Amino acid sequence: MRPFTQHEGLMVSLDRANVDTDLIIPKQFLKSIRRTGFGPNLFDEIRYLDPYSAAEPEKERRPDPEFPLNQDRFKGASVLLARENFGCGSSREHAVWALDQFGIRSVIAPSFADIFKNNSFKSGLLPIEMPASVVDAWFETIAQGTNVTVAIDLKEERLTDSEGGEFSFAIDPFRRHCLLNDLDDIGITLQSSDRISEFEAQHQAKFPWLFREASL
Amino acid sequence: MAKTLYDKLWDSHLVEQREDGSALLYIDRHLLHEVTSPQAFEGLDLASRAPHRISANIAVPDHNVSTDPAERAMPGYSGVDDATSRLQLETLDTNCDRFGIPLIDLADNRQGIVHVMGPEQGATLPGMTIVCGDSHTATHGAFGSLAHGIGTSEVEHVLATQCLLTRKMKNFRIRIEGEVAAGVTAKDLALAVIGQIGTAGATGCALEFAGSAVRDLSMEGRMTLCNMAIEAGARVGMVAVDEKTLEYVAGRPMAPTGDEWDRALAFWNTLYSDPGAHFDVDIELDATVIKPHVTWGTSPEMVVSINDSVPTLDANASESQRKGYERALEYMGLRGGEPISSIAVDMVFIGSCTNARIEDMRAAAEVVKGRKKAANVERALVVPGSGLVKRQAEEEGLDQIFINAGLEWRSPGCSMCLAMNADRLEPGKRCASTSNRNFEGRQGAGGRTHLVSPAMAAAAAIAGHFVNPAQLEAVS
Ligand code: SF4
């Protein structure tokens with residue numbers, strides 16, 4: 001995992017609600033058995049004018065100039081602004097990997113789908129929930145041609161923007177602690193090994209049928 | 001204190017509750033498939049960790065497999081054309097082999113979509129906690145179990161620790177009361193629920209389906225309903241245990257027997273929400289007014305009944321809603337006001353973990369029996385959910401009914417539900433599909449998906465356009 005403490009970056013706006021994980025990383029890229037290499041195919045189906053060809057994966061493709069992530073004004077953007085229910089649909093963590101590998105460090109939206117939100121913390125991608133009115137205002141500003149930069153401080157749970165706005169946000173305390181201190185979930189859980197073993201023994205005594213070898 | 005079903009399942013698996021709200025939940029069953037597991041196994045390797053409890057795990061390949069019977073007859077994975085798919089399938093085999101995880105391989109007649117295989121084998125039992133690196137794991141909640149879809153890092157976490165690191169969700173109950181009209185299926189109930197509460201309606205909640213219409217459903221129907229809980233935003237969907245649950249489970253290969261069965265029953269019979277238990281959200285739907293449903297847009301909440309038309313935009317819609325609506329219509333190649341029954345389809349897909357069980361096969365066969373596929377329907381794929389469903393259907397002669405009607409009878413797998421294999425929609429083509437997601441590109445880049453029940457998909461194959469199966473006679 002990558003820690004997250006503070007981050008300052010340019011915001012890029014994707015004006016869609018219900019951005020699903022199929023859109024973030026389409027299924028043809030889920031065949032990889034690795035954790036890396038997803039960045040170039042982030043939003044693949046709406047990012048390029050030419051469709052992806054599995055036969056010629058390396059082929060140059062023309063970026064769609066309408067798509068925000070392709071526009072010069074958003075070059076180097078690291079904070080993605082979107083509408084409600086971001087990351088709905090499939091549980092594929094590849095969606096988080098693709099965003100992260102493209103260079104996105106934080107997604108800001110009025111709401112997120114549960115599994116996506118959970119997954120994003122695992123790669124140090126910070127999902128920030130902001131009231132719809134605040135998100136609306138940023139969309140408006142950006143649509144009018146003004147770029148917005150935000151500075152995110154996870155420790156203080158505060159965010160300031162280049163327009164002079166100051167906002168607070170809330171992150172699950174456990175997740176915040178892990179991100180700030182670069183802690184790995186499995187490592188933390190294994191600190192409770194004794195408790196897990198103790199529970200497991202009681203559980204097995206109560207529900208022995210759950211512990212049979214799979215008879216395949 | 002009165003507890004909900006979710007409270008009971010949570011409490012009986014809670015290993016550790018921490019002050020910050022996070023908790024460790026013990027996991028009884030972990031289902032694995034080829035797409036979301038390789039990076040988890042790699043993670044175990046890198047940290048020199050081993051799976052905590054082998055017997056909790058079962059793996060099966062499903063997402064990438066070919067469903068062409070001729071290709072499936074070829075040895076091993078040689079029938080899988082695409083080298084990257086083949087590597088992913090082989091990687092599952094290798095990982096299972098190395099870590100000692102039980103695998104139902106492609107040659108095994110029990111192979112199938114992970115959410116069809118689990119219940120069939122009794123790997124899914126009431127009162128269990130079940131996880132799988134797949135969002136439709138909610139399916140298994142039909143058995144009064146607590147089933148979460150998880151991401152790959154969580155797959156690794158569960159492998160290493162046998163626990164899910166999570167926090168308690170809210171309790172949300174939907175009671176669907178009354179008797180449904182003839183021809184209204186579990187799929188229609190699911191779509192009606194999503195149409196009502198929206199795709200984010202149950203985000204952060206464990207969703208219990210209750211009420212007489214839910215009790216009236218078969219186990220297959222309850223699985224269809226719970227399967228789509230995620231399409232309403234809920235990670236978890238559940239139905240309380242009753243006689244039907246027990247009847248389904250009894251005699252399954254991995255179900256308890258003898259004394260253990262009796263002990264299990266004593267626990268399973270407590271798996272319902274107590275009267276007076278607190279629900280954060282509790283709503284009721286009238287089953288009697290629900291009609292067969294068809295989605296018209298690019299989100300499962302964009303749904304209307306078969307007698308309706310593609311909706312026109314609400315006058316009070318916000319700018320963002322207007323954009324979403326227009327984008328969906330443009331993508332789908334439709335106009336507001338167009339009657340659903342006038343929409344012609346190019347393809348039909350009957351399959352997926354939502355609707356590929358024997359009951360679904362029967363419902364579709366009943367509609368196409370003695371009829372012929374419409375000429376404008378290029379292909380109609382029927383993909384059973386597992387080898388066992390396939391065999392059962394063949395014993396009942398359903399395969400011949402499909403073939404005689406001009407539909408294709410395939411081998412089990414996820415197939416055109418997400419089109420990772422060769423079964424996919426070409427750009428601009430329109431499909432009546434029994435799967436669960438109509439997102440842009442879900443069934444193939446540029447493909448247009450309409451979600452329907454198996455009977456509706458079968459009726460569309462015959463009529464060439466959407467039609468209420470009950471009115472098919474008049475059309476053909
Ligand atoms: S059938 Fe579709 S939804 Fe179900 S597990 Fe396979 S890909 Fe996922």
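Biologist: Is B:Ser352 buried or exposed?
Modeller: In this predicted model, B:Ser352 has a relative accessibility of 1%, and because buried means under 20%, B:Ser352 counts as buried.

Biologist: Where does B:Ser352 sit in chain B?
Modeller: B:Ser352 belongs to the loop between strand 14 (347-350) and helix 13 (358-368) of chain B, and its phi is positive, near 85 degrees, in a residue other than glycine. Most residues other than glycine have a negative phi.

Biologist: What about A:Asn18, and which loop is that one in?
Modeller: A:Asn18, which is not a glycine, has a positive phi of about 55 degrees, and A:Asn18 lies in the loop between strand 1 (6-13) and helix 1 (21-24) of chain A.

Biologist: Switching to helix 6 of chain B, how many of its residues are buried?
Modeller: Helix 6 (residues 152-161) is mostly covered, with ten of its ten residues buried, including B:Glu154, B:Glu156 and B:His157. Just after helix 6 of chain B comes B:Gln162, with a positive phi of about 65 degrees.

Biologist: And the largest nonpolar core, which residues touch the most other members?
Modeller: That core has 110 residues, and A:Phe43, A:Phe86 and A:Leu99 touch the most other members; helix 16 (residues 454-463) of chain B gives the most to this core, with nine residues.

Biologist: What does A:Phe43 touch?
Modeller: Leaving out residues up to four places away in sequence, A:Phe43 touches A:Leu14, A:Val19, A:Leu23, A:Ile24, A:Phe67, A:Leu69, A:Leu80 and A:Leu99.

How values were computed. Residues numbered from 1 in each chain as written. Chains lettered and ligands numbered in written order. Predicted model: local features only at pLDDT ≥ 70, side-chain atom pairs only at ≥ 80, totals over all residues. Heavy atoms only, no water. Core = buried A, V, L, I, M, F, W, Y, C linked by side-chain atoms within 4.5 Å. Buried < 20%, exposed > 50% of the residue type's maximum accessible area, 1.4 Å probe, protein only. Helix = DSSP H or I, 4+ residues; strand = E, 2+ residues; numbered from the N terminus. Contact = heavy atoms within 4.5 Å.
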